[in-house]
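Open the model in your viewer and keep the selection tool ready. We will go from stop to stop, selecting residues as we go.

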Amino acid sequence: MGKKALVLGGGAPNFTLMSGALLALHEQGVFFDVIYMAGAGAVVGLVYLAPKGLTPAEALLNTMNYGISDQIYAAVPVNYKLFNKGGPSAEVFRDYWSSLPPVQAAMHQYGMNDQQKLAADMLLFTGAVACPSDVNYFSKGVCAHVPFIEGVVDFDKLKTIPQQYYLNAYCIDDEQSVEFVKPYVDLHHFRAALSFPYIYPPYQIDGKYYYEGASVDCLNLIAAMHEERAKNDIDTIVVLDVLRSFLIQRPRNLWDAYARSIIVPIVASAEKELEMFLHWVETGHIVKKVPPYIPEKLHAVLHTQEHAKKITPPPLKAYLLRYPIPDQQKPYALDWSKSNLETLFSVGYSAGKTFLSAYGSQL
């Protein structure tokens, strides 16, 4: 029997659809041997594979705490936990601020009640407002690179887990999508893989600069369609398909319009990537020449599939796990409010249960 692979693609606040669904699968003992990650899917995948201080189930539940308490978000609709001010002076301030015991406690909200979370979020908001910034016309991005991941992912443990995993990024210098692979993924590779243009500056590793992989290959299905799948003996792939057209809505205000401007091209790209993947599952042909590679320093190989070249992988079963988003929730699906993250988590969890009812015996 072959191995099972999980695909965790890009997204934004809707990433809790993935964490909710993955919790449902985890509770039923579904084990994935290989995980392909892109963008926000990397957050879900890494906290699941190597949670810091929590069990995998607790870590998935904790993703809802990455949002902002509704009372604060209603007045300031910005996720100041994930998007921090950039520049050297901001970094100095954050190092001091995050060393304070009350702040450290506020950053770990698993097990808190709603009132405690609100108080913690208010303290973190105070720090976000007080933080200085050096961002200017010559800055390469408006935010500091994702600061919170060290507190929720054990990168040392990540090197020793039994699962194989792939995390994509886009190498600006080589003009190629790349795959970061076990056991070479660390904090720097994560930041490179989540450096979305304009929001974050390009991230440098070994003299080369990277942008977020999901900005180019939203679902990271490309690696699955190359010889990596045959090498890993994968015969089942489950795609948690969250980048759907329900995210394309009329904006409620100018700030919401900015969020839509980011998500619209990503949704369009994801749908094309998924169509290419399903065509490959059905016919064995790759209909787009996209040769992602793994950097030489990560001890892997350059993939060079030719356009529409016939390949002969093992027989494959592919499953798409999709989500019945309530109509009333669709306009708010890109909000970073805790209520939205909790609602989407619940939708994802229910969708995972429904998925298991239909396909659990085959997993």
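**Rings and cysteines**

Select Phe-138 first: its relative accessible area is 64%, so Phe-138 is exposed (buried means under 20% relative accessible area, exposed over 50%, partly exposed in between, with a 1.4 Å probe and protein chains only). This is a predicted model, where local features need pLDDT of at least 70, side-chain atom pairs count only at pLDDT 80 or more, and totals for chains, interfaces and linings use all residues. Residues are numbered from 1 along each chain as its sequence is written, and side-chain values use heavy atoms, with hydrogens and water left out.

The structure holds 15 aromatic pairs (rings of Phe, Tyr and Trp, the last by its six-membered ring, with centres within 6.5 Å; planes under 30 degrees apart are stacked, over 60 edge-to-face, the rest tilted). Tyr-137 and Phe-138 form one of them: centres 5.2 Å apart, planes at 85°, so edge-to-face.

Next, select Tyr-319 and Phe-355. Their ring centres lie 6.2 Å apart with planes at 85°, so this pair is edge-to-face. It links distant parts of the chain, 36 residues apart: Tyr-319 sits in strand 8 (residues 317-321) and Phe-355 in helix 12 (residues 338-359). Helices (H or I, at least four residues) and strands (E, at least two) are DSSP runs, numbered from the N terminus. Tyr-319 is buried at 7%. Phe-355 is buried at 5%.

Now select Phe-15, Tyr-66, Phe-83, Phe-148, Tyr-200 and Trp-336. Ring pairs link them into a cluster.

Last stop: Cys-131 and Cys-143. Cys-131 is buried at 6% relative accessible area, and Cys-143 is buried at 12%. How many disulfides does the structure hold? It holds 0, a disulfide being a pair of cysteine sulfur atoms within 2.5 Å.
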